[in-house]
Amino acid sequence: MLLPPRPSSICSACWKGPFAAQLGFLGEPVKDHPDEHTDTIWSWTGGYTYTVSPLALLFRATVGGCKWCKNILSRTGANVYNSGMWWPVTRLRRPLNIRVGLAANAKDPAILCIIVFNGISLYDRPVRLYDSFSTYTTIDDPAARYISGRARLTDVGSDRTFDLTKACIQQCVQEHERCRTTSSSHPDDSGRHTPTRLIDCTDLERPRIILTKGSPHTYVALSYVWGGEQPHRTTEANLSSYMAGINPSNLPQTIRDAIYVTHKLGVGYLWIDSLCIIQDSPQDKHRELASMCDVYRRAYLTIDAASAERASDGFLQDRPPLEPPMLTLPFICPGGPANAVAEVGKLHIPGSKYNMLPTMDRLNLTTRQRAWCLQEKLLSTRCLVFTKDTVRLGCQTITQNIGGAYHDDADEVPRLPDSVFDPAGQRIERYSDEWMEIRRRWHAVVRDYASRELSYPSDKLVACAALAEMFATALGSTYVAGSWNDDFLLLDLLWHCKLALPSPAGYRAPSWSWASASHLLVEYRDPARPEAAFRKGKMAEVVSCTVTVQNESFPLGPVTSGLLILRAHLFKCKLREERFVNQVYVEYGSDEVRLDSHLDRELEDNYPGGVWAVPLRRDVQDEESEDASRPTLCAGLLLAKYEPDSNNGSCEPEKEHLRIFRRVGYFEVEHWRDHDMQRLGWNGEWSLETATQFGIV
């Protein structure tokens with residue numbers, strides 16, 4: 001095969017080097033091997049490597065106009081990172097070693113990465129640059145045989161897109177073992193978990209509600225944002241007429257689009273909450289909401305209307321046209337007769353919009369901002385996501401844009417562990433590494449969930465109940481208002497708000513539950529040490545923890561009260577405003593020690609009954625360390641005297657002889673404040689023999 005004529009946009013050295021080697025696309029993927037070498041390009045393998053002097057690279061890019069050399073320089077602004085600073089390449093004394101190729105283990109199979117390494121240079125330290133970006137070509141380009149990435153689809157409602165979508169879904173159904181094992185759609189279910197009602201989408205002109213009567217049905221579910229009241233919703237008054245047929249013109253566009261997608265995918269039935277739940281029947285709502293776990297787990301597919309900000313928007317509109325690529329490079333196609341000139345295709349690198357961090361894409365999806373949609377995403381075997389730019393299929397195995405389009409963000413919502421999806425419902429060995437990992441994953445779910453929005457704050461525990469049901473089966477622990485009543489309940493209490501907001505209107509959960517606070521973000525202090533070390537560092541004891549649920553038929557749903565009884569030591573505190581921030585000090589004789597505190601709510605009444613600090617745990621060193629007894633962290637709760645009101649729930653009469661408090665914040669003392677820990681007596685021997693027993697509501 002003969003090398004084709006060189007285009008003027010590529011220098012001769014690059015044309016005969018990396019471009020003749022197809023930019024490393026056809027070689028082994030680029031992998032890092034950090035254990036074998038340290039800070040050298042040779043700790044990476046795969047791809048194509050070549051050497052160029054810094055001045056030659058700069059000359060080819062500026063004077064010669066080489067696109068590839070310019071691309072490498074533009075990644076660092078003609079600078080490279082060394083010794084904590086960015087330096088011009090002209091300051092480098094040794095040649096640059098450059099490795100280019102496909103990134104191994106990338107979610108997008110067409111991610112091209114560049115590694116630049118300078119050996120030993122300024123201050124005798126290595127200079128290295130790593131960068132990666134998506135690539136694509138068109139389906140009719142000769143390079144399409146070698147480059148898997150394609151331009152994103154913009155005609156998301158076209159027949160072509162639906163054909164490609166069905167092919168992707170079939171590939172998932174036939175080839176993805178994890179999707180088969182995590183799905184609960186087993187033949188022996190015999191329809192026991194089929195939703196009570198479904199929408200028959202066979203006739204697009206006259207969809208209707210049917211009663212499944214427990215018989216098995218293959219159906220699609222819809223995840224979307226209501227965005228206000230839904231006049232079309234099913235009520236006791238219109239249910240019978242909806243079963244006869246629904247006039248599509250009376251439905252919002254998002255629901256009409258969902259019916260159309262279901263029909264085009266060849267699935268006969270669709271589940272939508274506003275139509276399949278009788279919205280003015282509390283009894284029906286409690287029964288159906290209690291089965292949300294099964295609704296999304298058993299769905300063949302979930303349609304995620306991520307681009308629609310409200311139900312009236314719809315999601316099948318054509319997406320914005322493609323922006324011109326940031327860079328287009330020639331691609332020399334291999335193969336062919338020995339004396340023939342190789343074909344040259346085109347390799348496109350999209351603009352920076354499609355090489356951004358995944359969190360930015362999340363902000364562009366309305367369903368990623370809504371609390372209800374989290375469990376709908378996590379529980380579904382596969383989701384067809386209609387983003388603002390294209391359409392994507394995410395399953396329990398991979399996430400891919402339909403039609404092989406470049407995938408411009410990572411999996412934005414981490415998947416749940418396999419053990420949570422165990423269809424046999426087998427419990428994990430308590431306190432095993434796997435069990436502890438599931439507990440930590442629950443904390444990760446809460447972090448995500450707490451940052452999302454709810455139209456009705458009273459739904460705080462309702463909108464995550466399906467997830468709680470899954471975790472409850474895997475953990476074998478009792479669920480109590482967002483936490484787990486087991487030996488590690490103390491861990492669940494150690495959450496804190498990053499921003500103190502006004503108290504919510506009405507009662508949602510006990511004050512010790514994260515669901516009680518109006519917070520944008522919530523963080524946990526998970527133990528960095530093994531389970532045995534955590535037990536050694538316990539500074540309090542849970543006597544009992546109970547909640548009263550609003551409806552017995554919905555045991556994981558809303559609660560009307562809760563009481564946590566602890567045996568622990570109470571330390572009187574003072575609140576003091578310093579530089580517009582409320583600081584908490586523990587009284588220590590005539591002295592005082594400041595705590596690193598986080599208040600749950602804005603200071604409203606200065607807590608006339610006082611504030612108390614309750615240490616709950618110390619994170620101690622491993623037993624193998626030189627000083628195994630030295631704490632690395634002490635963390636606990638800030639409490640105030642309980643004053644009954646509409647936001648605090650009620651206290652059980654038989655417990656009223658206890659001192660009753662409510663949580664108002666969280667505190668911690670880091671290890672570097674060892675002197676303060678010693679003054680308070682928090683870093684020595686700890687006994688609960690003289691501890692106080694009290695309640696928190």
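1. Start with arginine 370: this residue is buried, at 16% relative accessible area (buried is under 20%, exposed over 50%, partly exposed in between, with a 1.4 Å probe and protein chains only). Arginine 370 makes a salt bridge with glutamate 453, with 3.4 Å between the closest N and O atoms; the term means a side-chain nitrogen of Lys or Arg within 4 Å of a carboxyl oxygen of Asp or Glu. Glutamate 453, by contrast, is partly exposed at 44%.

2. A word on the source: this is a predicted model, where local features need pLDDT of at least 70, side-chain atom pairs count only at pLDDT 80 or more, and totals for chains, interfaces and linings use all residues. Residues are numbered from 1 along each chain as its sequence is written, and side-chain values use heavy atoms, leaving out hydrogens and water.

3. The salt bridge count comes to 23. One of them joins arginine 287 to aspartate 284, at 2.4 Å between the closest N and O atoms. Aspartate 284 is buried at 3%, while arginine 287 is partly exposed at 40%.

4. Five of its six residues are buried, so S14 is largely enclosed by the rest of the structure.

Methods: Helices (H or I, at least four residues) and strands (E, at least two) are DSSP runs, numbered from the N terminus.
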